Amino acid sequence: MKSLNVELYRKMYLIRRAEEKIQEHYHEDEMKTPMHMSMGEEAIVAGVCHALKEDDQAFGTYRSHALYLAKTMETDDFFAEMYGKSTGIARGKSGSMHLSAINKGLLSCSAIVASNIPVAVGAAFANKYKKNGKKVAVFFGDGALDEGIFWESLNSACLMKVPVIFVCEDNDFAVHTRRKCRTGYDSICDVASKFNCNVFSESTTDVNRVYNLTSEAIRVMDENQKPCFMHFRYYRYLEHVGINEDFDAGYRSKEEYLQWFKKDPVALQRASLIELSVGEEYIEEIEKTIDSSISQSIERAQKAPFSDTSEVYEGVFKCE
Amino acid sequence: MRMITYCDALNEAMLQEMERDDSIFVYGIGVPDHKRIFDSTCNILEKFGSERCFDTPLAEDSMTGFALGAAINGLRPIHIHIRMDFLLLAMNQIANMISSFSYGCGGKQGVPLVIRVVIGRGWGQGFQHSKSMHAAFAHIPGLKVVLPTSPSDAKGLLIASIRDNNPVIFIEHRWLYWQKGEVQEEPYEIPIGKGNIVRKGKDLTIVATSWMNIEALHAAKILSDHGVEIEIIDPRTISPLDEQIIIESVKKTKHLIVADNDWIYCGFGSEVAAIVSEKCFGHLKAPVKRIGFAQVPCPTARHLENKFYPNAETVVREVEQMLGLSRIDLSSESFYSHENRFKGPF
């Protein structure tokens, strides 16, 4: 119990601090890639990924710093890619929006809303075909629910009974437009439950609840072979793209944010650790280790060379 | 050597490859139904079962993304569409997802998938059942675009496409399905990116795509009777393109017509004209001429459709003009008519 909670905290703390470091350095204009920050959603990604087995697979969106870090727990390649260096994930080709770590099970992230959902269904089909027992989780925002391809994918997955978990991270906004301005139904879970899938829903910033619900989803999926649709509410702390707050833009209020921030997932989990009698010193030690490893990664990334410009022509097709 | 149809060559390529490699599966709307994609998917369901040969919901876009997911996770999908027009529903997955996948991960992961898609004219298909669009795909980096004309090329190129570790758009003209030709029984590959000299000649080069090779051959036969020898190049794959085979031919004949099975404007013919003017302009004795569809949506009525599509006569007239020949009397010539053997429906 304790060690599980420590692991969950470790994941979330890494994600939060890595992004805070991006905020700290972004103004230097050396990370020239549009940042869609994960702040606020850490509990969902950490909880779901921790419930999955290590070799289970995931797909994400352009807002996937959290997903990448939760799946890999590494920051060297991550920051090198943010800095566009030759040591980066894709040697500067992917930037912040197209993170992947294929050997760690993060197969791809896409910047076209909902477009990775069918790809995840196909990957899950391949796992079923090969009978390797792997699961696939695909993360997307509530904006993806507006896209036809989400419904096509849900339909096919339910029809074909492939082992995929649809994870809807609902922050109520598609860029700046609230869900109520975009949907002709009241509850996505009601609609999804009419499909032949298992539906789960939580509005929580408690990573334990996310972890437990996902573990339950996986258990049920193993039992009835039906895909899962999971719906999680969260609040996006920062602007749609960029590292700043945007409460002065008028489309949402700071009060709304503060209501959510009271239950901040990272702080909440830290408090849980204290409650579980994990010593303050031990927690600080974890934090220090992560902080120093992030700082080292940034330093390495800053010092790393850019690739030769001939790199632009590499990798259009598979490098054999 | 044994003669089989283009359709049977496609079918044989898939059956042989699926036998060899059990990571290959074939799917798409109507793939296992009684019409079997104009018979090209016969016997696959019977031989390999419904796990490796299946129908899908009417969801072209997501089922194309499905291919990407399967391909990056160890399988080799063949996704089939009976109309190019329907494949356009999947353009997001093709242009935004599939084509850039390898690049987005630094070339570490390939996308070994084949999208087989039927094009074709005829018998009142109208403007939503008749597109070719190959240039639109060739425009996008990260895709290979293949359009075989002969049965032998159909088999060898389909096998090469299946074995390729990258995405291939494989375009088949419906009228070619009944063409017969010599096809080797054993599996073989024809390399993607190698053109073919369909007919040797010294007076004028025609680069033709897909069905237009048949029209160009007919035109060449007529012109040969009048002392003009046409060289016909079938590039077979337009991305990558065998530029050298075209350039060498143009250097020899000094004249070039591109007969494309598509709209002319911003099309493959324009690309070939540009390449030739960049690389062997000094050898040309006349401006390059492009032949293709009329720049309108495809009409339905037969007489309008005949005006919309170029044929062997169009080719003959353009050659006459380019070489300054006197007008050949074609009144006794019978041109290919689909209606002679096809009474519909498609």
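This is a predicted model: local features need pLDDT of at least 70, side-chain atom pairs count only at pLDDT 80 or more; totals for chains, interfaces and linings use all residues.

Biologist: What makes A:Met73 partly exposed?

Modeller: A:Met73 has 16 other C-beta atoms within 10 Å. A residue is buried with 20 or more such neighbours and exposed with 12 or fewer, so A:Met73, with 16, is called partly exposed. A:Met73 belongs to the loop between α3 (65-72) and α4 (76-82) of chain A. Its phi is near 55°, a positive value in a residue other than glycine.

Biologist: Why is B:Asn43 counted as partly exposed?

Modeller: The count for B:Asn43 is 14 C-beta neighbours inside 10 Å. That value falls between the limits of 12 and 20, and therefore B:Asn43 is partly exposed. B:Asn43 is placed in the loop between α2 (36-39) and α3 (44-48) of chain B. Although B:Asn43 is not a glycine, it has a positive phi of about 70°.

Biologist: Which residues of α10(B) are buried, and against what do they pack?

Modeller: The buried residues of α10(B) include B:Met212, B:Ile214, B:Ala219 and B:Leu223. The buried residues of this helix pack against β9 (196-199), β10 (204-208), β11 (230-234), β13 (256-263) and α14 (312-323) of chain B. After α10(B) comes B:Gly227, which has a positive phi near 85°.

Biologist: What makes the peptide bond between B:Ser239 and B:Pro240 a cis bond?

Modeller: Omega is about 0° for the bond that joins B:Ser239 and B:Pro240, and this bond is cis. B:Pro240 sits in the loop between β12 (237-239) and α11 (243-253) of chain B.

Biologist: How is chain B divided into domains?

Modeller: The domain assignment gives domain 1 (3-182) and domain 2 (196-324) of chain B. The contact between them takes 24 residues from domain 1 and 21 residues from domain 2. On the side of domain 1 that touches domain 2, there are 13 nonpolar, eight polar and three charged residues. The C-alpha centres of the two domains lie 26 Å apart.

Key
Residues are numbered from 1 along each chain as its sequence is written. Chains are lettered from A and ligands numbered from 1 in the order in which they are written. Helices (H or I, at least four residues) and strands (E, at least two) are DSSP runs, numbered from the N terminus. Two residues are in contact if their C-beta atoms, placed from the backbone, lie within 7 Å. Domain bounds come from an automatic or database domain assignment. Ala, Val, Leu, Ile, Met, Phe, Trp, Tyr, Cys and Pro count as nonpolar, Asp, Glu, Lys and Arg as charged, and the others, Gly among them, as polar.
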